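Please read them alongside the coordinates.

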Amino acid sequence: MILLLLATLGRAFAGSLATLLSSTVTVGAGLAIAGALVGGFIKAAYTGRAALATGVYAVAPALGSTIAAAASSPLTQAFGSWRVGIGAWAIPVCSRSAHGFSSRVVSVARRGHLNRDPTA
């Protein structure tokens with residue numbers, strides 16, 4: 001998630017076409033890696049409802065990209081900068097990263113393994 005966040009911010013602050021394209025490739029790579037790993041996480045977390053959870057996950061990227069495509073142009077026009085239109089999508093990544101990290105720490109703390117977990 002951190003790679004995705006940095007690449008998304010990199011797109012917003014790109015000073016050249018090469019930086020814009022390389023950060024776009026990095027966003028794509030981050031999404032591809034995350035997409036490949038999520039299936040295993042879903043099966044582990046939702047053993048009784050893995051099919052439903054996988055279906056929800058399959059629809060979520062399509063819905064998210066539809067919303068992003070529909071909202072980026074109005075954001076660009078409202079703020080007068082394409083950088084804001086692209087950079088605004090770092091906000092959901094930040095919130096998701098913070099939520100994922102905090103829920104992981106809470107989960108580990110409840111089990112009493114906080115000092116043995118490398119992510120804590």
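1. The model is predicted, so local features need pLDDT of at least 70 and side-chain atom pairs count only at pLDDT 80 or more, while totals for chains, interfaces and linings use all residues. Residues are numbered from 1 along each chain as its sequence is written, and side-chain values use heavy atoms, with hydrogens and water left out.

2. Ser23 lies in helix α2, helices being DSSP runs of H or I with at least four residues, numbered from the N terminus. Ser23 is buried, at a relative accessible area of 7%. A polar atom of the Ser23 side chain lies 3.0 Å from the backbone oxygen of Leu20. Beyond its neighbours within four places in sequence, Ser23 is in contact (heavy atoms within 4.5 Å) with Ala7, Gly10 and Arg11.

3. Ala7 also belongs to the largest nonpolar core, whose six residues are Leu4, Leu5, Ala7, Val27, Ala90 and Val93. Two or more residues of this core come from each of α1 (2-12) and α5 (90-111), and α1 gives the largest share, three residues. Such a core is a set of buried Ala, Val, Leu, Ile, Met, Phe, Trp, Tyr and Cys residues joined through side-chain atoms within 4.5 Å.

4. Leu37, found in helix α2 (residues 17-45), is partly exposed, with a relative accessible area of 48%.

Key
Buried < 20%, exposed > 50% of the residue type's maximum accessible area, 1.4 Å probe, protein only. Polar contact = N/O pair within 3.5 Å; in protein donor to acceptor, adjacent residues only side chain to side chain.
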